[in-house]
Amino acid sequence: MGNLESHDAGLWTRSLTGDGAAFGVLFDRHRDRVFRHAYRLCGNRHTSEDILATAFLELWKKRRKVKLVEHSILPWLLVTTTNVARNTNRATVRYRKMLDALPRQEEAQVDSGEATYLQAVLDQDVVDALKTLSPIDLHLISLVVFEGYPVNAAAELLNLSPAAAKSRMHRARSKIKEVLQPKPAPPSQFVMEGNGS
Amino acid sequence: MIDLRVDEGFSKALRAELVSRVNTAASNQPRKATRWWLGAGVFVGAALLGGVGATAAGLLTLPGAPIITPLGTPTTETHTGPATIDLGTAPKEAKAIRLEMTCLTTGSWAYESGATSTCKQHDLDGRAATTRFQIPVAPGKETTTINTQAQSQWRLTWTFVDVESTDWATNANGETYGAENDNGQPELVAVKATNGEYGYVRKAELDDATGASRAQTFRTPEEALAWQAERQGKSYAIDVYDSDGKTVVGEFVVQDGNGHVVETDGNGHVLEPDLPSASTMPRLGGL
């Protein structure tokens with residue numbers, strides 16, 4: 001972090017004075033990461049679009065409460081994305097009418113092909129594993145593991161002490177590992193793999 | 001990974017919508033008065049409609065709202081810093097004293113009930129400057145103490161009142177509805193929605209939003225603190241219904257950790273609130 005690219009403070013301040021163009025640049029800058037994070041949490045493209053839109057609409061609606069971390073609005077956006085993804089129906093209801101009015105790609109075009117199907121199954125495993133985490137742990141994992149923020153920066157945003165954040169991280173990682181343990185494979189695979197001693 | 005990109009058409013339309021919202025906000029005046037925020041445990045009842053609120057709202061028939069009759073004329077005093085107010089002797093038929101504290105400067109106020117209220121600069125001119133509350137009349141109890149910072153100025157107006165309770169009503173689904181009163185809350189609690197409409201929130205949804213239901217599940221202080229930290233600065237919106245409990249007429253927002261927490265020292269004096277400075281926390285009008 002800390003490079004010019006992630007420095008949002010100037011654009012953010014301009015947005016707060018009603019400069020729509022500045023807000024547009026912030027949207028361009030963070031759109032893809034917010035979308036990918038939403039997808040990671042829900043595993044569905046259409047829902048991810050809803051979450052993306054809701055996160056940015058919330059960013060504007062709650063602008064007086066937004067906390068920049070390392071001069072960036074991204075951590076706040078990611079935490080909000082996580083919150084929205086955890087309770088999509090409730091969170092998006094406020095903007096339903098607007099969301100429905102936005103143009104969408106055809107579903108068929110999005111979800112065709114076996115590769116997509118397999119990817120969706122894989123994604124679903126991770127989605128399920130993440131769902132076992134408490135909200136705070138999910139925020140921490142999102143910020144630190146997926147987005148590469150230092151534990152201390154994430155702790156600050158989440159009002160945790162650095163020590164508490166570290167121990168939560170440790171527990172959350174173990175928990176995810178446990179959930180993602182490969183399930184016992186069918187016998188045929190054991191034969192193929194062999195033990196080759 | 002499959003090609004994980006936002007659909008361009010969707011993205012463009014969303015972007016245009018966001019830019020237009022930001023541009024539009026610049027030309028709007030702040031509309032603070034139309035939003036009703038609840039602080040964590042701070043006068044939770046204040047935004048729910050009780051007797052006086054219901055009367056002011058023109059909802060004289062709000063079921064469950066007590067019928068309040070003022071006895072005598074209001075008394076007003078102005079103070080700077082903490083003060084113990086001599087309320088005077090209650091008339092025989094008085095059941096309660098209704099008080100209105102109006103802040104004249106910024107500061108935080110702590111009341112005998114344990115409740116607190118805060119005035120920031122932008123609260124001073126509007127309705128947000130006034131906190132209304134009621135204390136029961138008790139024999140021998142003729143004073144009340146209000147704590148605040150030494151330099152904080154405030155005005156207190158109080159009236160003795162007679163209070164006659166009424167019952168909640170029941171809708172077609174058998175749900176009770178009406179104003180919060182001494183019996184607690186009905187299943188549908190009267191509120192004012194953010195859009196200015198009057199209506200009802202479901203008690204169960206309200207308890208989830210305020211954390212009342214969750215608070216009962218804590219076994220250790222650590223759990224409670226972690227939960228509090230998690231909610232800090234977040235807001236929860238719930239639906240406001242007509243008395244049928246089905247038709248949605250607006251939304252009600254419950255806000256936690258609204259800016260800062262009021263703290264008192266061991267002697268009950270209010271400590272200076274830790275207000276975010278303008279440089280670290282951009283604050284601009286409009287919501």
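**Ground rules.** I number residues from 1 along each chain as its sequence is written, and chains are lettered from A and ligands numbered from 1 in the order in which they are written. Since the model is predicted, local features need pLDDT of at least 70 and side-chain atom pairs count only at pLDDT 80 or more, while totals for chains, interfaces and linings use all residues; side-chain values use heavy atoms, with hydrogens and water left out.

**Chain A, overall.** I looked up the secondary structure and found 12 helices and 0 strands. Helices here are DSSP runs of H or I with at least four residues, strands are runs of E with at least two, and both are numbered from the N terminus. Of the chain's 197 residues, 47% count as buried (under 20% relative accessible area; exposed is over 50%, partly exposed in between; 1.4 Å probe, protein chains only).

**Helix H2(A).** I checked the start of this helix: a side-chain oxygen of Asp19(A) comes within 3.1 Å of the backbone nitrogen of Ala21(A). Further along, H2(A) has a kink of about 50° centred on His30(A). That bend is the angle between axes fitted to the seven residues ending there and the seven starting there. After H2(A) comes Gly43(A), with a positive phi near 70°.

**Helix H4(A).** This one covers residues 74-86, and its 13 residues reach 18 Å from first C-alpha to last, close to the 18 Å expected (1.5 Å times one less than the number of residues). I then asked myself: why is H4(A) largely enclosed by the rest of the structure? It is because 11 of its 13 residues are buried. Among them are Trp76(A), Leu77(A) and Val84(A). The cover over the buried residues of H4(A) includes helices H2, H3, H5, H9 and H10 of chain A.

**The disulfide.** How many disulfides does the structure hold over all chains? I found 1, counting a pair of cysteine sulfur atoms within 2.5 Å. The link is left-handed, at -75° about the S-S bond. Cys103(B) lies in strand S3 of chain B and Cys119(B) in strand S5, so the pair ties together parts 16 residues apart in sequence.

I also looked up how covered the two cysteines are. Cys103(B) is buried at 2% relative accessible area, and Cys119(B) is buried too, at 3%.

Note on methods: Contact means heavy atoms within 4.5 Å. A polar contact is a pair of N or O atoms within 3.5 Å; within protein, one must be able to donate a hydrogen and the other to accept it, and residues adjacent in sequence count only if both atoms are side-chain atoms.
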